[in-house]
Structure formats: structure tokens, C-alpha cells
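I opened this structure to look up two things.

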Amino acid sequence: MSDTNNRVQNPPLAARGAILRLGLLALGAVLLLTLAYHATAARRIAQQHQAMLATLTTLLPPIPHDNVLLDASFIIDPATPRFAQQELLGLSTARTAYLARSADAVSGVILPLETAGYNGPLKLLLGIDANGTITGLRILEQHETAGLGARIELDQSNWLLSFDRRSLDNTPPPLWALKQDGGEFDQFSGATITPRAIVNAVRKALEFFALNRTALLALNLEEPQA
Amino acid sequence: MTATATLNFNSCRDKLALTPLLGLCPLLAVSNSAISALTLGLCTLSVLLGSSFCISLLRNRFTPALRLPAYMLIIASFTSCAEFLLQAYSYALAERLGLFLPLIVSNCLILGHAESFASKTPPLHALRDALGLGLSFILVLLVLGMLREALGSGRLFTNMDLLLPFATNWEFICFNSPPFPLALTPSGAFLLLAFLIAFKNYFDQRPAQHQPAPEPEPAGSKRVRVTGQV
């Protein structure tokens with residue numbers, strides 16, 4: 001036995017006790033966490049699923065659909081163009097879009113869109129029916145200033161609802177602007193950058209839908225999409 | 001019974017000044033609405049109860065060198081459990097708190113209580129003290145959350161039904177346009193917290209004027225410093 005080996009095998013008694021105790025405690029912690037993880041797993045996944053589904057459903061209130069929206073999804077990836085002028089959606093990363101179906105025909109689509117806000121990216125979801133009319137707009141992620149730009153959030157104002165039922169037909173492109181810019185959308189006092197960015201992003205998304213309407217409505221998602 | 005109540009009340013009063021300053025990070029970050037404040041307060045309370053009980057049970061098993069890592073491990077485990085439970089209860093609530101839910105680990109309030117109290121008292125006593133401390137933390141968080149929500153967004157108790165299913169119609173509008181939007185930002189939180197502390201100090205000092213000889217604070221016994229020898 002070499003000297004080094006000896007030292008490794010016989011650490012001081014107190015240190016051995018300490019290692020043992022800490023090890024036992026860690027084992028207990030692992031047990032507790034494993035138990036908690038598995039006991040809550042089913043409910044956690046169900047909750048997450050339900051939260052996402054609730055958001056999606058509020059995006060399409062007037063559209064009849066008989067499918068589960070989460071099951072009829074497809075990926076829009078800015079790196080691999082799949083639709084004409086995909087850059088109109090402003091995406092920086094691959095995001096999921098959803099199809100609403102009614103009696104085997106596509107009755108609406110939920111498109112992801114992104115734009116630059118005042119403090120960072122604004123990520124949104126836009127519900128559009130088969131005729132290109134907006135059925136709902138929701139924010140997935142925003143970093144706007146609290147009390148100013150962040151008032152776009154639905155729990156702070158009804159501004160997002162002012163997009164409902166609009167389309168490129170009933171609101172021609174020059175009117176897709178804030179009231180102070182000669183358009184039809186309200187701004188907030190002290191915050192014009194955020195609403196202006198969203199109005200423009202939504203108009204571009206509608207243009208994207210108009211360009212790709214036939215392709216989107218003909219999407220058949222029976223086979224799983226990448 | 002009366003003695004217990006008095007003791008609990010006193011320990012609450014004693015800590016109320018300390019509470020906001022030790023739990024500053026979550027206090028400022030999450031207290032922008034009543035619902036977030038209440039949820040984080042309840043999570044902190046449950047972590048505090050669980051970890052205090054455990055640490056108190058094991059208090060004689062750890063040498064001073066082992067204490068800190070052992071406490072961190074216990075507190076982190078209970079925090080993860082609280083996170084799992086909240087996600088199982090309501091995903092929307094867990095999303096709302098975001099990063100600040102796992103950050104309960106770093107709440108010095110809990111570690112401070114573990115080091116200065118739970119490690120020195122029997123389990124039941126530690127539990128009772130943790131309950132008092134946790135409730136006072138919830139109280140401060142909730143008051144600050146309500147103030148910030150009402151002043152910053154003009155509404156109160158928005159989305160309360162996420163936590164309390166029966167609270168569907170609790171939202172009411174205090175102001176048509178927010179009178180003090182700054183309240184929603186961290187700087188506004190600092191300001192309001194300062195007002196709360198000033199308010200509390202005012203009330204603490206008032207009875208002292210009527211009492212002839214206020215008991216002098218024993219130096220060094222306050223739980224401000226929790227870094228003993230480790």
C-alpha cells in the first residue's frame with residue numbers, strides 16, 4: 001500500500017461522519033423530490049395542456065371547430081421557408097401554428113408572430129378565420145415597461161380586443177395605424193412604440209395569410225408534421 | 001392559550017420590520033399584483049414550515065461545518081416540492097411567478113430563520129415560529145401587492161380566481177386611469193416599501209411616548225446578523 005492510498009482510505013473519523021450524514025441527507029432529498037415529481041407529474045402536464053388549450057380556444061371564439069387544436073399543429077421555422085414571404089410574420093425562432101377544423105375543412109388558423117417592442121421581442125398569437133378576419137389576438141411574451149407599454153396586456157386594458165373582427169377588407173392598409181398616425185387604433189398616453197409595433201405586425205400577418213390562404217386552408221395534418 | 005397567542009403576536013411584531021428587508025428580492029419583484037404576492041407568500045410559507053421542521057428535527061446531527069450545505073439542500077428540496085405542487089395546482093400561476101418561484105431558495109428570510117431559530121429549538125416550537133414569520137411575510141407581501149396593483153393599474157384583485165376558485169368576481173376598478181403607474185416598477189416598489197416601513201416605525205414608536213421607561217433593546221440579540229460561526 002502506498003502512502004497516498006492510505007490517506008484516501010482513512011480520512012479523519014469526523015470527516016467520514018460528516019460525509020456520511022450529508023450523503024444520507026442528499027439521499028433523503030432525492031427520495032422526497034422523486035416522490036413529489038412523480039406524484040404531481042400527471043396533474044402538472046394536464047394543467048399545462050389545459051392552460052395552452054384555454055389560450056388557443058379564446059383566440060377562435062366565433063370559429064366552429066371540432067378538433068383538438070393542440071393536435072393539429074405545424075411548425076413555422078424562419079430557417080426553412082415553407083410559405084411565401086414567411087418573413088412577414090417576423091419570427092426569429094421556430095414557432096407553432098394551429099389549425100381549426102370543422103367537418104374536415106379548415107375553418108381557421110392560429111398564426112405565431114413576433115415583432116420588436118420597446119424593451120425586447122413581443123411574441124403574439126393571432127387567430128384568423130378562413131376569410132381572413134381576425135378572431136383574436138393574444139400576447140405570449142412581452143418585456144414592455146410596466147404601467148406604459150405593458151398595458152397592452154388583457155388584464156390591464158381591452159386594447160387587444162380592438163383587433164377582433166378586423167380584416168384587410170374592412171380596414172384597408174392605410175388605416176392599420178395608430179390614431180395619431182391617421183389610423184384606427186388607440187395608442188396609450190406615454191406609450192406609442194408598443195402599440196404601433198403590434199398594429200404593424202398584425203397587418204403583416206394578415207398579408208401573409210392572404211398570400212398563403214390557399215396553401216394554409218389545404219393543409220392536411222393527418223400525417224404528423226415535423 | 002393566551003400565553004401562546006401573545007408569544008406568537010410578539011414574534012410577528014418583532015419580525016415585521018425585519019421581514020421585508022430580508023426577503024427583499026421576491027418582495028420587490030413579485031408584489032406587483034395581489035394574486036402574485038399572495039401566491040408567492042403561500043409558497044414561501046410552506047417552504048419555511050417544511051424546512052424549519054426538518055432542520056429542527058436534525059438540529060443535533062450536523063456539525064457547524066455541515067450546517068450551511070445541509071440547510072441549503074433541505075430548503076432547495078422543499079422549494080422544488082412547492083414548485084411541483086403549484087404547477088400541478090395551476091400552471092398559469094406558476095407561469096406568472098416564473099423564475100421567482102425557484103428563487104425562494106435564495107430568500108434569506110428562510111435561511112436566517114433556519115440558522116437563528118430552527119437549529120436551536122425543538123420541532124414544534126420551530127414550526128410555530130415559522131408560521132408566525134411566514135404569515136407576517138404574507139401580510140407585508142399582500143399589502144404591498146394590493147397597493148401596487150391598485151395604484152399602478154387602477155384595479156384590484158385581478159385574476160384572483162387563479163388561486164381561489166370561488167373568487168371569480170373579486171376584481172373591482174379603483175381608478176379609471178392608473179394614478180401612479182410607477183408603482184408597478186421595482187423603483188415604485190422601493191418607494192411604497194419605504195412608506196410601509198416608515199408607517200410601521202411610526203406606530204411602533206407612538207406607544208413608547210406614553211410609557212415612562214421603554215425597555216432598552218438588548219444589543220446583539222436581534223436577528224439581523226445571522227452569520228454565526230460556521
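I took buried to mean under 20% relative accessible area, with exposed over 50% and partly exposed in between (1.4 Å probe, protein chains only). Strands are DSSP runs (E, at least two residues), numbered from the N terminus. This is a predicted model, where local features need pLDDT of at least 70 and side-chain atom pairs count only at pLDDT 80 or more, while totals for chains, interfaces and linings use all residues. Residues are numbered from 1 along each chain as its sequence is written, and chains are lettered from A in the order in which they are written.

Entry one: strand β3 of chain A.
I looked up residues 105-116 and found 10 of the 12 buried. For pairing, I required at least two DSSP bridges between two strands. Strand β2(A) (residues 95-102) runs antiparallel to β3(A), with five bridges. Here A:Ala100 faces A:Gly108. Two residues separate these strands in a hairpin, and A:Ala103 in the turn has a positive phi of about 50 degrees.
On β4(A) (residues 121-129) I found nine bridges to β3(A), again antiparallel. A:Pro112 is opposite A:Leu125 there. This hairpin has four residues between its strands, and A:Gly120 in the turn has a positive phi of about 155 degrees.

Entry two: chain A against chain B.
I counted contact as heavy atoms within 4.5 Å. By that rule, 22 residues of chain A and 26 residues of chain B take part.

Terms used. Side-chain values use heavy atoms; hydrogens and water are left out.
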